[in-house]
Amino acid sequence: MIKAVIGSKAFIEARIIRVTIWNEFVAERTDPEVANIYPKGIHYALAEGLAPYGLRIRTATLDMPEHGLTEQVINDTDVLIWWGHLAHEEVDDLVVECVYQKVLQGMGLIVLHSGHFSKLFQRLMGTTCQLRWREANEREILWVVDPSHSITEGLGHYIELQQEETYGEFFDIPAPDELIFVGWFQGGEVFRSGCTFYRRRGKIFYFQPGHETHPTYYNKEILLVIANAVRWAASPHGAEPVFGNAKPLE
Ligand code: ZN
């Protein structure tokens with residue numbers, strides 16, 4: 001028994017996690033303020049920031065054929081990271097369906113910031129995923145409310161961001177399976193900023209920080225959270241269930 005446990009642990013540690021970072025890559029090419037912060041795109045900044053964590057990282061963007069999310073890419077992805085804002089409606093329904101099915105089968109998914117309003121996240125949540133917001137360059141404190149969760153490993157009690165877009169409740173999501181961070185903003189709002197959801201075998205983490213006019217994805221603690229979340233989401237949840245016609249036991 002002990003041997004089996006050691007064996008499986010060695011397997012987990014030896015496996016290199018395959019990450020695909022998807023970004024619509026629109027504002028960085030149309031808005032000089034955003035281009036100044038992310039000249040090569042949010043996906044590029046995330047890929048560079050996550051590079052020290054020993055992951056195998058590729059990026060994909062909206063303008064690529066099938067948005068860079070071909071069946072081959074999806075089948076070669078353990079965890080998909082998603083950033084979108086201006087172009088949610090331009091994402092092809094067939095691509096959304098393909099990714100949705102893959103999440104149910106066990107691909108991990110990390111939805112960042114305005115990705116809350118993506119077709120994919122709405123489909124997985126089954127709700128509108130609307131929220132309240134304000135662009136006022138306010139200070140944010142992200143409180144760790146589940147310090148035992150692996151997503152918060154290496155953090156203190158909170159992460160402080162000098163400027164972020166304000167997101168506030170009510171956030172129209174189902175009750176999260178785990179609430180990891182609660183964000184507080186200078187203007188008074190609170191927000192469920194870090195939430196996990198289990199959808200069949202897929203593990204999903206929603207993480208609020210990352211407005212495109214702030215350098216949030218260069219923040220080492222934010223990158224640590226995303227790297228921790230990648231590791232958490234990389235292994236599918238439980239076993240594949242059996243569906244269909246069932247014979248009686250006796
Ligand atoms: Zn935003």
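Where is Phe170 found? Phe170 sits in the loop between strand 6 and strand 7 (178–185). The model is a predicted one.

Glu165 and His211 bring together distant parts of the chain, being 46 residues apart. Glu165 belongs to strand 6 (residues 158–168), while His211 belongs to the loop between strand 9 and helix 8. Both Glu165 and His211 are buried.

Now look at His211 itself. Its relative accessible area is 1%, so His211 counts as buried, since the limit is under 20%. The side chains of His211 and His113 are joined by a polar contact of 3.3 Å. Leaving out residues up to four places away in sequence, His211 touches His113, Glu135, Glu164 and Glu165.

## Glu212, next along the loop

Glu212 also lies in the loop between strand 9 (202–207) and helix 8 (220–234). Is Glu212 buried or exposed? Glu212 is buried, because its relative accessible area is 8% and the limit is under 20%. Its side chain has two polar contacts to look for. One goes to the side chain of His211, at 3.1 Å. Another goes to the side chain of His85, at 3.4 Å.

Which residues does Glu212 touch, not counting residues up to four places away in sequence? They are Ala27, Val34, Ile37, Tyr38, Ile42, Trp83 and His85. Take Ile42 from that list. Glu212 and Ile42 are 170 residues apart along the chain, yet their C-alpha atoms are separated by 7.8 Å.

Ala35 is part of helix 3 (residues 32–37). With a relative accessible area of 25%, Ala35 is partly exposed.

## Helix 4 and its cover

Ile42 is also one of the buried residues of helix 4. Helix 4 (residues 42–50) is mostly covered, with seven of its nine residues buried. Which residues of helix 4 are buried? They are Ile42, His43, Ala45, Leu46, Ala47, Gly49 and Leu50.

Among the strands are strand 1 (18–23), strand 2 (56–61), strand 3 (79–83) and strand 4 (108–112). Helix 2 (27–30) and helix 8 also take part.

## The second largest pocket

The second largest pocket has a volume of about 230 Å³. It is lined by 14 residues, and the closest to its centre are His85, Ser114, His116, Trp133 and Tyr167.

## A buried lysine

Lys119 is in helix 7 (residues 119–125). Its relative accessible area is 18%, so Lys119 still counts as buried under the 20% limit. The side chain of Lys119 makes a polar contact of 2.7 Å with the side chain of Asp93. A polar atom of the Lys119 side chain also lies 2.6 Å from the backbone oxygen of Val91.

Set aside neighbours within four places in sequence. Lys119 is then in contact with His88, Glu89, Val91, Asp93 and Val96.

Most residues other than glycine have a negative phi, and most peptide bonds are trans. Back at Phe170, a cis peptide bond joins Glu169 and Phe170, with omega about 15°. Phe25 is not a glycine, yet its phi is positive, near 55°. Phe25 is found in the loop between strand 1 and helix 2, and is buried at 14% relative accessibility.

Cys129 also has a positive phi, of about 60°, although it is not a glycine. Cys129 lies in the loop between helix 7 and strand 5. Its relative accessible area is 0%, so Cys129 is buried.

Notes: Residues numbered from 1 in each chain as written. Predicted model: local features only at pLDDT ≥ 70, side-chain atom pairs only at ≥ 80, totals over all residues. Heavy atoms only, no water. Helix = DSSP H or I, 4+ residues; strand = E, 2+ residues; numbered from the N terminus. Buried < 20%, exposed > 50% of the residue type's maximum accessible area, 1.4 Å probe, protein only. Contact = heavy atoms within 4.5 Å. Polar contact = N/O pair within 3.5 Å; in protein donor to acceptor, adjacent residues only side chain to side chain. 1 Å grid on protein atoms, 1.4 Å probe; cavity = no way out; pocket = protein on both sides within 12 Å on 5 of 7 lines; lining within 4 Å. Points joined across faces, edges and corners; volume = space filled by probe spheres on them.
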